Each structure stands twice: as structure tokens, then as C-alpha cells.
Amino acid sequence: MAASAPAPTVPSLKQAFLAAQTTLLAQPLSPSAAWRAANDDSDALGGDGGGAPVPARALDEALLALNNTLQQHARRVYPPQASRNVAAQIAAAYDRDAERRVGADAANDAEALGRELDLTDEGVLEALPESWPSERDCNNHPAEAKRYADTVARLVELSARRKDLRRRVQRLRGLEASIAPLDTADGAAGRIQDNLVTRNGPVETELERMRVLLARVAGRVSELPVKSLATQPDGAEVDLDALDGARKRKVDEFLADPRVFPS
């Protein structure tokens, strides 16, 4: 899709106007059809005072010389550089007149708004008056005054939203910087081990296998001759039933701990 043409400026508009006018002044001259008819119908003897007609060849030669002189004059007096200079002078005159009027308005109203205000600056937006400062202009142009008030309110609202977004971006960037060492992406310098203690994770799987293994061991031990006491190498007696029950209770308490496997 072709890009739209830029908005015309005051110098470009004035230069186009001057170029159109100089083009009209440089058009070749030619007698009108009425004059040619009158010249052809004039009496060669001059009985009615009209005089002899101008020969066509002489007329064409005179017109050719005149048009050549006119073209040379137009090229010397109305070159494109001169048109640009005149257009720039006209634009400068418009600017001086506008500055004079703005200066006069500022002298009449100390709170007049300047054209140099940067409406993207938060401080400038906060300092803008909610309504147009000139009461005379508000009375003379109520529609424009209302549009100004609506525009200022919209700009203030957008400025507040932009400020909130900037704070949010700064907060998110701070969080990103704080968790950068914990990045587990491939090739990250701060790679850490993934959390193993999760539901259906590796730790839970191994504990379940341990439970099954303990049940099998307990079953095999129950098949042994009944003997509640065992003798250690140093001669001390150990209660096997109590030892098996204590181990089973510890495993059950670990598996039931909500801090390990939160629901």
C-alpha cells in the first residue's frame, strides 16, 4: 500500500501558487479570432479609415519574436529559485504575524498557552489548566473551549495510565532480574535442580516403592518362627516387633505430612 503524501506546508503552498501564476504570465501571446477576422476584412484602400491589413507572414514573425522575448524574460525573472525565496518570505511573514498575535494575547492574558509546550511531558500536562484560560475566547468560541477541556482531561488520563504502566514495567523487570539466577532454560548460567518433592513426582514414586518393599519384607519376616526378642552381637536383646512398628510409623507420618505433599 502506497504511503500517504505528507501534509503541505505554507512555503510549498505559496510556491505552487507562484509557479501557477508565472506559468500563466509565460504563455505565448496570440491574436484573438475576432482580431484576425477584422484584419482579414479590412479595406486595403482604407476608404472607411480601417487601413491595410497586416500580412500574415509579418504577423507570425512578430509574434514569434515577441514570444521568444517573453520566454527569456520569464526564465530570467521567474526562476524556481526566486519562487522558493518569495514563498519562504511569505511564510516568514505569516510566522511573524502569528507570533505578534500570540504575543499580544499573552500580554492580555498572563496564563496564555504557548505553542512550544511539550504535551508528552507529564509535568506540562499536570500544569495545564482544566479550561481555556482566556474567558473572552471561551465566550466567543464555546465549542472550541469545550473541546480543549475534553482534550486536556483525556491527556491527563492517558498520562496517569502511562505512569502506572511504567511502574509496572519497572516492577516486572525487577522480578525478572531477581529470578534470573533460577532460570532452568538450556544453557542458563544459574541452572538449578528441578523440584523433586511434587505430587506424583520422583520422591513420591520412590516412597511408594519403599512401602511395597516394606510390606513384602514384613510378610517374609512374619513367616519366620515367632520370636519377639533377638540377641545382638554384644548380647543385648532387641524387640523386633517394636522396631518394625516404629519404622512403619515413621514412613506413614512422612507420607501423611502436608508440608511434603500439599493437597
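**A residue in helix H7**

Guide: Alanine 160 lies in helix H7, which covers residues 142–179; helices are DSSP runs of H or I with at least four residues, strands are runs of E with at least two, and both are numbered from the N terminus. The model is predicted, so local features need pLDDT of at least 70 and side-chain atom pairs count only at pLDDT 80 or more, while totals for chains, interfaces and linings use all residues. Residues are numbered from 1 along each chain as its sequence is written, and side-chain values use heavy atoms, with hydrogens and water left out.

Alanine 160 is partly exposed because its relative accessible area is 38%, and that class falls between buried (under 20%) and exposed (over 50%), with a 1.4 Å probe and protein chains only. The C-alpha atom of alanine 160 is separated by 8.6 Å from that of glutamate 122, 38 residues apart along the chain.

The UniProt record, in an unreviewed entry, lists residues 148–175 as "coiled-coil region"; its positions are given in the numbering used here, feature names are shortened, and annotations may be inferred rather than shown by experiment. In the model, residues 148–175 are 100% helix and 0% strand, with the end C-alpha atoms 41 Å apart.

The chain as a whole has nine helices and two strands, in the order α-α-α-α-α-α-α-α-β-β-α from the N terminus. Buried residues account for 12% of its 263 residues.
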